[in-house]
Amino acid sequence: MSKYSSFFDGLDEQTAHNEILELVGEYCDRYHNLDKDKPYKEGDRIPYAKRVYDRAEMTNLVDSALEFWLTMGRYTDKFEKGLAEYIGVPFANVVNSGSSANLLAFMSLTCHQLEDRAIKRGDEIITVAAGFPTTVTPALNYGAVPVFVDVKIPEYNIDASMLENALSEKTKAVMLAHTLGNPFDLKTVYEFCEKHGLWLIEDNCDALGSRYFLNGKWHMTGSVGSIGTSSFYPPHHMTMGQGGAVYTKHPELQKLLLSMRDWGRDCMCKSGQDNRCGHRFDGQFGELPKGYDHKYVYSTFGYNLGITDMQSAVGCAQLEKFPSFVERRKHNWEFLKNELADASDRLILPEAEKDSDPSWFGFCMTVREGIDRNKVIRYIEDHGVQTRLLFAGNIIKHPCFDAIRNDPNAYRVVGELKNTDIITERTFWVGVYPGMTDDKLSYMAKTIKEALRQH
């Protein structure tokens, strides 16, 4: 018998449950986030991103664990509802990562139920080469053809003036990320898609909380296009550890997204639920015998991309804090912009896209011609500040393209990728996560300017 067994004596289950959660909260207060209120000391490591949490996340996590509903459950329902309301769409679905969210978003648009608008092998998807691989990977893996156009500096988003040049009779969709929280030119891209009957997938993994002014009102990024995606990996705007979400305002797409997330099932019953429609054993589907169990009828070629309720429990606590996270990110970005203003002769400083209100993921900089970026970032790293490159830079130049580099049917490039190559050679960024203090930001700016003077 455990030495803690007496703890439970005389307690009913709910009281014991509540006592455990209170102890967990006290444990978190005592042993976690111990450096939260410590003054910053020069030389302490400053990461580009870090989890920001307190007892709410930890008690939610343990609450879900004690309930032991391991698949998607009540916390998932609450999180999906809260996320959809925050973004301003009717439907949000959690998945196991942002990469899975992009996969699900793209693959849902290949479903035969969409008839002539379904993406087929050989159809073209307009995107950019300056980004993260998983914005492009689903199209390549399916057999669609990415069409790469250049980006703008200092916004680091698509040069929307190239869209008409990229258009062909095979174009079916535009799939783009809002780079480091900076919304791309949604007005031009959205109007282009509407004009030509194209799908628009907004990779919102680095931009949750960003807004764009369109048609007389503000819209959350991810809510304007056909489908939006998010990631909840620890460095992102909010975290579940692992996890992501895909969301839409279109009921017909929502049905496909739910089916493909859950093995391709036609049935919409949740885990542990049977026969919600009352017709589980009397339907006729495909060439199956009449009355085939509807829970095992598959209307799409799907996956299991679900999440655990414990992760959703953490997400619920994070979502309550999220507006404050966004405001702090904006403050941190503006602070760095002001501190680095006098280095603009050596750095190209970032700019927000017109008509946007970014929820910044990072502070992106491009060293001016003649300055060695590698020497600059090594100095910065050696002095305790973590840096990151702008993801892949030019994705086409990576080894993953070696096998298809000379295949004229695998992908297309429209125009020159001049700015994309500049980003590959001269761009880097530092973090603005909500746990940053002004002291840390001041030291970061000082270190960046020292690095520029050294090299």
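**Strands and their surroundings**

Author: Strand β8 (residues 227-231) and strand β9 are joined by five bridges and run antiparallel; two strands count as paired if DSSP finds at least two bridges between them. Strands (E, at least two residues) and helices (H or I, at least four) are DSSP runs, numbered from the N terminus. The model is predicted, so local features need pLDDT of at least 70 and side-chain atom pairs count only at pLDDT 80 or more, while totals for chains, interfaces and linings use all residues. Residues are numbered from 1 along each chain as its sequence is written, and side-chain values use heavy atoms, with hydrogens and water left out.

Strand β9 (residues 244-248) is largely enclosed by the rest of the structure, because five of its five residues are buried. Buried means under 20% relative accessible area, exposed means over 50%, and partly exposed lies in between (1.4 Å probe, protein chains only). In a regular strand, side chains alternate between the two faces of the sheet. In β9 both faces are covered: Gly 244, Val 246 and Thr 248 are buried on one side, and Ala 245 and Tyr 247 are buried on the other.

Strand β4 (residues 171-177) is likewise mostly covered, with six of its seven residues buried. It runs parallel to strand β2 (residues 124-128), to which three bridges join it, and Ile 126 has Val 174 of β4 as its bridge partner. Five bridges join β4 to strand β5 (residues 199-203), also in parallel; here Met 175 is partnered by Ile 201 of β5. Together with helix α7 (residues 186-196), β4 and β5 make a right-handed β-α-β unit. Right-handed here means that, with the strands pointing away from the viewer, the path from the first strand over the helix to the second runs clockwise.

Thr 127 lies in strand β2 and is buried, with a relative accessible area of 4%. Beyond its neighbours within four places in sequence, Thr 127 is in contact with several residues, including Val 147, Phe 148, Met 175 and Leu 176; contact means heavy atoms within 4.5 Å. Its side chain reaches the backbone oxygen of Met 175 at 2.8 Å.

Key
A polar contact is a pair of N or O atoms within 3.5 Å; within protein, one must be able to donate a hydrogen and the other to accept it, and residues adjacent in sequence count only if both atoms are side-chain atoms.
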